[in-house]
Every structure is written in C-alpha cells, then in structure tokens.
Amino acid sequence: MAQAVGENLAANPEDILKPPATVPIWDRFLFGYTHQQGDEARQIALVARHIALFTRFGFEAPVGSEAEYIAKMVARSDTTVTWSRFQEIVQTLRDRRILQGDRTLFIVPWALHIHLWREYWHWYGRGFDFARAFEEMPVSLHGWFMDMFQFAHGTSAASVVRDILRRDGVYASRDFLCSDKGTSFLSTLAEADPDATLALIERTFGAWSRDELCAFEGGRQQIVWTLEKIAVWTPTFIRAARVLVQLAVTENAKNSNNSTGTLLGLFRIGAEDAATEASPVERLPILLELLRSGNDDLKRLGLKVAASALQASGLGFRIVGPEYQGLKERAALWRPQTYGEWWAAFRAYWDCLINETRSWLDALRREANSTIIDAAAEQLRIHAHREEVLSMLEQIADDSATDIRRLNHFFIQRARWHRDEEDQSVHFRLRRLEGQLTRRSLESRFQRYVLDTTWDEWEDYSLEGELRDHTRPKKLVHALAARVAGRDEDFACLLPKLVGGTTETAALFAFGQSLCAMDKNNRRLLPMLEFESDAISSQCLGGYLAGLRECDPDKWQQVLLDLLASKDTAKRGADLVWRSGVDDCVLNACMDAFEAGWIDAGYFRSLCYGMSWQSVSHASLARLLSLLACREDQVSAFVLVDLLDQMLNQNVWLVESDFVFEVVTEQVQFEDHRDTMHSYHWHGVCKKLVEHDPAKAMPLLDVLLGKMGDDYSLSYDREVEPLAHSLCKINPAGAWEIISAQLLEPAPKWRGDLLNWLKGGIGGFGENDLAPPIAEFPAQMVIDWVAQDAEARASMIAHCAANSLDDKFGGELTRALLENYRTAEGVAVAISCNFGSGGWTGPTSKHLRARRDQMRVWLSRGFDVNVMAWIEDEIVDLDREIEAAEISEEREPWNRP
C-alpha cells in the first residue's frame with residue numbers, strides 16, 4: 001500500500017488519490033484480482049461509496065440500525081441491492097479486511113476511505129439534499145457524517161458545502177449555529193471552504209453585539225479553532241483576525257488557547273512561530289486598527305498583540321495542527337528567509353507601537369510605556385535595533401506617565417541576568433540611564449533602592465550559591481537611612497513613602513532598622529507613628545521598632561503598649577508587634593486589646609512564625625489559648641489549633657488534655673472554608689492528643705463519626721477519614737461498639753456517611769492498596785452483631801463490605817455475609833455495588849476484564865457454595881458489561897488505527 005501510494009504521489013503530485021495508470025490500486029482493493037466489470041463489481045463499489053460517507057458505522061447488534069439506514073440509501077440508487085445483498089457485500093469486504101472492527105466498522109486503509117468518499121460525490125452528489133438527509137439520518141451517524149466533509153475541498157462535494165453554508169441553509173437556525181454539533185461542523189467545513197465558512201461566521205457571530213458575545217459560551221472554543229484554521233491562509237487572515245478580535249475583547253474563557261491566546265499566537269514573529277502563511281507585514285493592519293481604535297479595550301488588546309509580536313525569546317512551542325487541513329498540502333507557514341527579513345519584521349511592529357501610542361492620554365500611555373519596556377528587553381537582543389531601543393528608553397524615562405517601578409525592574413533584570421550577553425557599550429549606556437534616572441532626587445534614589453529593589457537584587461548570590469552580605473542596595477539603603485536620620489527636610493520629603501502606600505519590600509524593613517540605628521534620639525519615630533493616610537504601611541516602622549528593640553527594649557515596649565492601649569491605634573500596634581517581635585508584657589497587652597474587641601485573632605498567628613511563641617512565658621501562652629478557646633469565630637479556632645500543633649509535645653503540655661479535646665471537637669473545626677493547612681494542623685493536634693492521652697481515642701472517634709452524620713463530605717475528607725480509621729486500630733472492640741450504636745441511632749434510616757467511610761470512602765483509581773476501616777474489626781464480631789437482627793442489619797452491613805474477598809483487605813467479612821445472607825434482600829446487590837465502585841484509568845473494558853480475571857481467581861479457591869454462586873453471577877454480569885464497554889469504545893472518535 002505504502003509503495004503504491006508513493007509511486008502515485010510521484011506520478012500525480014497534485015492528487016495522490018488519483019488512480020494510477022499502471023496499477024488500478026483502488027479497484028484492486030475493492031475487487032481483488034477478479035473481473036472488475038459487471039453488476040457485482042458495480043454493486044460492491046456502490047455500497048462501498050455509501051459506507052464511505054461516514055467515518056464508521058454500526059453493523060452488528062445492538063448498533064445495526066445504522067447499517068440498515070445506509071442500506072436504504074443504497075437501495076434508492078439501486079433497488080437490486082436488498083438488505084440481504086447489502087449484508088453479503090459488507091461481509092465480503094470484512095473478509096477481505098477492507099472493513100474492520102467488531103460491531104462498528106470502518107474502512108481500511110484511510111486513503112481508500114477518502115477516495116471512496118470523493119467518488120460518492122463525483123457519481124451521486126448532484127441534487128443531494130443535506131438538510132433532508134441530516135433529518136432522516138440516525139443521530140448517532142451525524143458526527144461521523146459531518147467529519148468527512150474536511151476532505152471536500154476541490155471535489156464534487158464542494159457545492160454541497162456551499163449549500164450548507166448559504167444564508168437559508170441549516171445554519172439559518174440559531175439553535176443549530178450555537179450547538180456543539182453545529183460549531184464542531186463549522187470547524188470541519190472551514191477545511192473544505194474557508195471563504196464560505198468565514199462569510200457565515202461574519203454574518204452571524206461577527207454581527208452580534210458585545211453583550212451577546214460575552215454571553216456566548218457553549219461552542220465558543222470551536223469557533224475560535226475554526227477561525228484559527230481560516231487564519232492560516234493569507235487571503236482570509238485579516239477577516240478571521242477581526243472576528244477573533246471581537247471575541248477577544250469580550251473574552252469569557254480562561255484557557256490559554258481561548259480567543260485572546262489564539263489571536264496573540266497569530267502575531268508571533270519567527271520561523272513558523274505563528275500558524276499562518278501571512279507575513280508579519282500582511283498581519284500588521286490588524287495591530288494598526290487596534291491601536292488607532294477609539295475604544296480603550298481595543299487599544300489594550302493592541303498592546304497585548306504588540307507584546308506578543310515583539311517577544312523574541314521564551315516562546316515555548318506551538319501545537320501542530322492548523323497547517324494540516326483535509327487533503328490540502330501542508331500550509332507554508334511564514335518563515336523569514338534571512339535574518340534581515342526577520343529583524344525588519346520586528347522593526348515594523350516596534351515602530352508601530354511607538355508611533356501610535358505617543359499621543360495617548362496619560363493612563364493609557366502608562367500601559368503603553370510598560371509594554372515598550374517589556375518589549376525593549378527582547379529587542380535589545382537584536383544588534384541592529386539597539387540604538388533605537390536605547391533612544392526610546394531614554395525618552396520613556398523622561399515621560400511623566402511612565403511607571404518608574406517597571407523601568408527600575410527592567411534595569412535590575414538586565415544587570416543581573418543579561419550582562420554577559422551584551423556588549424559593554426550597551427551595558428554602560430543602560431547603567432548611565434539608570435544612574436540618571438536614580439540620581440534625579442532623593443525621592444528617586446529612595447524609589448530605586450528601597451521601594452523597587454527585588455529579592456534577586458537584595459539577596460544577591462554568587463555563582464557558587466553563596467549569599468553576599470554586602471550587596472550594593474544594602475550599602476545604599478544604609479547610606480540613605482543615615483542621610484534621612486540627619487536631615488529634617490529629607491525626612492519630611494520621604495515620610496509619605498516611608499509609612500504610606502502598600503510597598504513591603506525587604507529593603508524598606510532594613511531601611512527602618514538602619515534609620516533607628518542612626519536616629520540616636522529617636523526623633524523620627526513620633527512623626528511616623530502620627531502620620532495619617534488612606535493607605536498605611538507598617539514595613540518601615542516595623543523595621544524601626546525591630547531595631548529599637550535591640551538597642552532600647554524598654555522604649556520599644558512602651559511604644560507598643562501605648563499603641564495597644566487605644567482602640568484607634570490597637571490594630572496598628574498589633575501589626576507592628578508581628579513585624580518587630582513580642583515579649584510577655586506586649587503579648588498581654590495584645591490579649592487585652594483582643595478581649596476589648598479592638599483586634600482580631602489573626603494577629604496572634606504571628607506567634608507561629610519562626611517559633612516566636614517560645615519567647616514568652618507559659619502563663620501568657622496559657623492565657624492566650626484560653627482566650628482563643630472562648631471565641632466561636634473560625635479565625636480564632638484556626639489560630640488556636642495552629643498554635644497547639646506547634647506547642648504540644650510529649651514533654652511539655654501547657655494545657656490539660658480535656659481542653660485540647662474540647663478544642664478539636666468544636667463545631668467550628670468542621671465548618672466550611674477550612675483551608676488545607678488548618679486541616680493539617682488539626683490532624684496533628686488530634687494525633688498528639690491521642691498519643692498523650694490514649695483514653696481520648698474512643699470519645700474522639702465518637703465525635704468524628706457524629707460530625708460525619710452532619711456533613712457527608714467528612715466521610716471522605718483527607719484528614720478526618722484517615723484519622724478516624726487510625727482510631728479504630730487502637731481499640732477495635734471499643735470502636736465497633738461506638739460504630740454499631742451510631743448505625744442504629746437513626747433507624748429505620750441508614751447512616752450513608754458512616755457506611756461510606758467504613759467501606760473506604762468514595763474510592764480512587766486503585767493507587768492505594770489499603771484495607772478499608774471495616775477490615776479493622778474481627779469478622780465474627782460483626783457477623784454476631786448482624787445476627788441479632790439479620791433482617792434489618794444484613795443489608796446495611798453489606799453496603800459497607802470491603803470490595804475484596806481477600807482477608808488482608810477485609811474479605812473475610814464479605815465472604816461471611818455471602819455465606820450467611822446471600823439470598824437476603826439487598827445483600828448480594830449491595831456487595832456487587834461495592835465491587836463496582838471506584839475509578840480507573842484507561843479503557844473501561846480493560847478494567848472490567850481485570851475484575852473478571854480476579855473473580856475467576858477467587859472462583860478457583862473453593863469458597864463456600866453461596867460465595868461461589870455470587871462470583872459466578874458477577875462473572876456473567878461482567879461479561880455483559882465488557883461487551884457494552886467494547887461497543888462504546890469502538891465508537892469513540894479517537895479509536896481508529
């Protein structure tokens with residue numbers, strides 16, 4: 001086959017499916033070496049061409065109705081092809097391996113399938129009524145019928161495609177247009193006739209209002225993929241991109257390849273980096289339209305497009321796909337022929353971005369300048385662009401609309417990561433520009449080295465991974481602090497930046513520490529404390545107080561006590577405690593403020609950081625724990641548990657075990673909005689409680705199981721479920737006494753949550769071969785309990801039986817239930833349901849076969865006759881499920897050899 005197709009490709013490069021002159025390859029497939037003329041050959045060809053209309057079709061029961069429909073189509077063309085004759089031809093093609101599959105069949109090879117599909121439209125396509133055929137066709141054949149139209153380009157089916165896409169065609173119905181089936185079909189038709197498909201999209205989705213596009217969700221991604229296919233071709237790129245712009249400006253999806261992501265990807269500049277044949281120059285009009293728009297949203301989208309186009313590195317990879325469409329030759333995606341052409345493309349977009357944004361108002365020009373700064377980092381890699389880029393950076397530095405922090409971060413990034421790849425002239429010119437910008441004033445210096453320094457620059461590491469203690473920013477911060485400490489006018493100038501705003505860099509904290517060290521009489525402290533603003537930052541003042549604590553602990557303490565003593569300043573005082581440290585006296589003042597309702601419990605969480613709770617007395621900690629326990633809010637409960645998890649150990653217990661028990665069993669611990677770390681700490685406290693006082697194990701289990709009754713999700717909670725399981729192992733008999741009592745409490749109703757937990761939760765993907773909680777209890781003990789009221793209890797316990805017959809996984813109880821109560825109402829069915837629960841990866845049929853194989857292993861072990869009978873029934877059911885799964889899998893779209 002491969003050799004014949006290769007020879008045909010050499011002879012007919014314009015159409016590899018054209019029958020070669022020397023060997024009638026397609027006829028040979030259909031008819032073999034027999035006579036290829038006459039009624040029999042004609043009937044075989046007729047049936048094969050009709051079958052080829054669909055990527056596959058059902059032939060055997062229970063999906064044979066699809067074959068019956070195809071047979072009726074054939075009969076309209078030739079009444080001599082009866083249902084019996086149709087079956088005979090299909091079976092002949094199956095015997096010759098042209099049709100393959102079990103119950104659902106498909107043509108092999110794929111090239112033959114496409115050839116026969118084209119032949120159908122060549123011989124029988126005139127006057128084909130798509131709408132009528134689609135209506136009469138079984139719904140299960142719709143997708144397989146539509147998929148084949150991707151090969152309609154340049155064939156007799158092209159006229160059918162145009163009929164489908166006409167104004168009064170099937171897409172005249174908005175319901176079909178927006179349906180999953182309709183949007184998916186459009187993606188297929190785009191490969192056959194991109195112009196007509198685009199015209200339909202323009203007069204439908206392209207004519208919608210913004211509100212309609214914002215509300216459009218179902219099928220939206222299919223339309224994006226359709227436009228992506230259409231944008232591959234240069235003649236349709238601009239129109240397709242315009243519709244993508246409409247979708248992008250009304251974006252409501254978060255996936256990376258949504259309309260915005262797809263649009264940006266189309267403007268990448270590089271060797272096949274964008275999935276389009278259109279050159280960057282041919283794509284440029286879209287960027288111009290966006291940047292010149294009167295709409296701010298479109299301008300911002302234009303900035304994103306420009307940023308995407310000017311990104312010269314870190315592009316990752318592009319998913320292959322749009323360039324392969326139907327039987328067309330692979331699209332010749334744009335690639336520069338020379339480096340000069342590549343750089344010229346970048347230059348065109350750079351010039352466009354610069355020229356179109358200089359007259360914008362300050363707010364938008366600020367965003368444009370940030371885009372230019374980001375693009376400059378990329379464009380400086382190109383030697384030919386460096387002069388223009390550097391000149392533009394100098395202009396931006398003088399623009400009052402520029403985000404100086406963004407520019408400072410650019411300088412930091414270049415100096416740290418790109419110095420080696422630049423020639424010295426560029427490096428020194430950037431450093432000179434940075435120096436000019438930084439040395440304009442004291443404020444600019446403070447902005448650069450205190451507010452804008454990054455962790456990369458502040459905590460500078462050598463190539464060997466060693467931390468440098470005296471980096472340039474640290475030295476400059478110390479010098480700035482000395483200047484501010486000694487000059488009143490400088491301090492007054494910087495005061496709003498010191499305590500106002502939201503910046504919280506490490507440099508600002510260090511500045512506060514250095515300021516305290518230089519401010520001998522602490523003259524700068526009071527103005528910072530009294531400063532008022534809508535936004536207050538405690539970072540600098542926290543650093544100052546941290547320094548004050550080292551040099552004058554008494555004064556540090558008094559400052560915080562004064563702040564905590566007033567309702568108006570208590571919150572600020574608590575925030576400064578978190579930043580500067582705590583001692584007994586300050587902690588007690590915080591607790592007083594907490595009791596007064598001036599601060600919330602969240603401030604005490606700082607005691608968990610760096611084990612700072614160790615710096616205060618046990619008495620103060622005990623008071624704090626008691627205060628937190630008296631509150632019913634979730635924040636207090638969470639902070640209390642976090643502290644307990646750190647404080648409790650086998651040697652030192654600040655509180656009684658009864659107190660801890662009350663804390664971990666409070667209702668607030670089981671309410672919604674529990675975060676992951678709180679659950680982790682709660683589990684840790686519970687384990688430490690039981691280790692310290694084993695007598696609390698069973699009462700704790702009783703509470704946990706009761707909480708499961710209130711909230712079903714706790715039966716499979718990642719912390720509650722394993723904790724309850726571990727408690728059962730401590731005392732199985734005592735645990736069963738509690739469990740059995742709770743099972744009977746709501747009678748005649750069942751505790752579904754408790755039964756679910758006992759059998760091991762909602763199940764996983766077989767990654768954990770762990771015994772469920774029910775396996776922790778002696779089987780005979782459970783069976784004796786069931787025997788006390790078998791009618792009410794047998795079926796109940798069957799619902800929590802382990803899904804195994806092996807002893808190590810709780811199978812002893814499962815077998816005992818089958819031995820004694822298999823015929824009791826609901827027992828066998830419940831156990832069967834348990835065995836069918838859980839998840840799996842891969843084909844369903846493979847999973848079911850593995851289950852059947854395990855059943856056969858158990859069947860060979862000679863269990864009790866009732867167990868054997870149940871296993872045999874399970875195998876029969878599994879045989880039926882496997883058959884159904886195979887039928888379903890055979891019909892999946894990706895399951896074609």
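These notebook entries record what I looked up in the structure.

**Basis.** I worked from a predicted model, in which local features need pLDDT of at least 70, side-chain atom pairs count only at pLDDT 80 or more, and totals for chains, interfaces and linings use all residues. Residues are numbered from 1 along each chain as its sequence is written, and side-chain values use heavy atoms, with hydrogens and water left out.

**Entry 1: overall form.** I found 47 helices and three strands in the chain; helices (H or I, at least four residues) and strands (E, at least two) are DSSP runs numbered from the N terminus. I recorded spans of about 115 × 90 × 50 Å for the C-alpha trace along its principal axes.

**Entry 2: H24 and H28.** I looked up how helix H24 (residues 442-451) packs with helix H28 (residues 506-518): the angle is about 110 degrees and the axes are 8 Å apart. Axes are lines fitted to C-alpha atoms, for helices over the stretch in contact, and angles run from 0 to 180 degrees between N-to-C directions. H24 and H28 are therefore roughly perpendicular to each other, a term that covers 65 to 115 degrees. I listed Phe446, Tyr449, Val450 and Leu451 of H24 as meeting Ala507, Leu508 and Phe511 of H28, where contact means heavy atoms within 4.5 Å. By class, this contact of H24 with H28 has seven nonpolar, no polar and no charged residues. Nonpolar covers Ala, Val, Leu, Ile, Met, Phe, Trp, Tyr, Cys and Pro, charged covers Asp, Glu, Lys and Arg, and polar covers the others, Gly among them.

**Entry 3: cavities.** I found four cavities of 30 Å³ or more. A cavity is a set of points on a 1 Å grid over the protein atoms alone where a 1.4 Å probe fits but cannot get out, and lining residues have an atom within 4 Å of a point. The largest cavity holds about 70 Å³ of space, a volume being the space filled by probe spheres set on the points, with grid points joined across faces, edges and corners. Its lining includes Trp578, Cys590, Tyr603 and Ser606. Helix H32 (570-580) and helix H33 (584-596) are the elements that give two or more residues to this lining, and H32 supplies the largest share, three residues. I classed the lining of the largest cavity as nine nonpolar, one polar and no charged.

**Entry 4: backbone.** Most residues other than glycine have a negative phi, and most peptide bonds are trans. I noted a cis peptide bond from Ala61 to Pro62, with omega near 10 degrees; Pro62 is in the loop between strand E1 (57-58) and helix H4 (65-77). I also noted that Met611, not a glycine, has a positive phi of about 55 degrees.

Conventions
Parallel < 35°, antiparallel > 145°, perpendicular 65-115°, else oblique. 1 Å grid on protein atoms, 1.4 Å probe; cavity = no way out; pocket = protein on both sides within 12 Å on 5 of 7 lines; lining within 4 Å.
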